[in-house]
Amino acid sequence: STVLLDWLKSPFVLAARNDLTVEIALLEKSMRRYQVHGGWQALQSAVNRLVDVEEHILESTQQLLKLLQGHTRSWLLKSQNLQQWFCLLNNTLDGLDMRAPLAADGAGAQLLSLIAQLSEQAQRMPIAALSLHEFRALLALHIEQAAFRELEDDSPAYVTFLPLNGARMRTFDAVI
């Protein structure tokens with residue numbers, strides 16, 4: 001439940017939603033008041049039990065929960081081929097209004113580019129069905145191997161994210 005709240009607070013998730021900040025506060029309030037630790041039904045029930053909430057905010061928070069639950073349900077499939085997983089990922093990015101905010105961010109744009117490349121490659125690779133765990137591991141591997149490049153050329157300092165093996169034989173002012 002705290003993971004859900006942290007994720008919803010990201011500037012890349014549902015950025016166009018008008019009452020998102022108020023909805024998140026309502027979710028957080030209901031989770032704490034009724035000690036909800038997980039489960040869509042428990043969270044929905046806790047939100048419904050709140051009485052000191054404006055009706056339109058309560059309705060919009062319930063709609064938010066239904067939206068999130070619908071997208072979550074899509075990811076609970078046992079296995080799919082790689083092309084289907086990337087289609088689901090792209091549909092989720094669009095359905096949760098994540099694509100535009102990610103595209104406006106330097107690192108986010110590079111992530112979207114990587115996902116587009118992998119999606120295109122997946123269309124050409126007939127591969128056996130993968131579980132969600134296997135798909136996430138494959139995606140994490142590609143993200144880990146990708147090097148983030150800061151896009152501004154006139155900056156006096158550069159930040160580069162590299163996997164450890166990409167740092168060999170290079171000098172840096174600082175390493176974290």
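1. F135 is buried, at a relative accessible area of 1%. Buried here is under 20% relative accessible area, exposed over 50% and partly exposed in between, with a 1.4 Å probe and protein chains only. F86 also counts as buried, at 3% relative accessibility.

2. On provenance: this is a predicted model, in which local features need pLDDT of at least 70 and side-chain atom pairs count only at pLDDT 80 or more, while totals for chains, interfaces and linings use all residues. Residues are numbered from 1 along each chain as its sequence is written, and side-chain values use heavy atoms, without hydrogens and water.

3. The whole structure holds 4 aromatic pairs. Rings of Phe, Tyr and Trp (its six-membered ring) pair if their centres lie within 6.5 Å; planes under 30 degrees apart are stacked, over 60 edge-to-face, and the rest tilted. F86 sits in helix α5 (residues 82–95) and F135 in helix α8 (residues 132–145), so the pair ties together parts 49 residues apart in sequence. Helices (H or I, at least four residues) and strands (E, at least two) are DSSP runs, numbered from the N terminus. W75, W85, F86 and F135 make up one aromatic cluster.

4. Helix α5 has 14 residues. From first C-alpha to last, α5 reaches 20 Å, close to the 20 Å expected at 1.5 Å a residue. That expected span is 1.5 Å times one less than the number of residues. Buried residues of α5 include L82, W85, F86, L88 and L89. Their cover includes α4, β1 (79–80), α6 (99–104), α7 (106–124), β2 (130–131) and α8.

5. How do α4 and α5 pack? The axes of α4 (residues 55–74) and α5 come within 11 Å and cross at roughly 175°. The two helices are therefore roughly antiparallel. Axes are lines fitted to C-alpha atoms, for helices over the stretch in contact, and angles run from 0 to 180 degrees between N-to-C directions. Under 35 degrees is roughly parallel, over 145 roughly antiparallel, 65 to 115 roughly perpendicular, and the rest oblique.

6. L67, H71 and S74 of α4 meet L88, N91, T92 and G95 of α5. Contact means heavy atoms within 4.5 Å. These residues divide into 2 nonpolar, 5 polar and no charged.

7. T61 also belongs to helix α4. T61 is buried, with a relative accessible area of 0%. Leaving out residues up to four places away in sequence, T61 touches E23, L26, L27 and V47.

Conventions:
Nonpolar A, V, L, I, M, F, W, Y, C, P; charged D, E, K, R; others polar.
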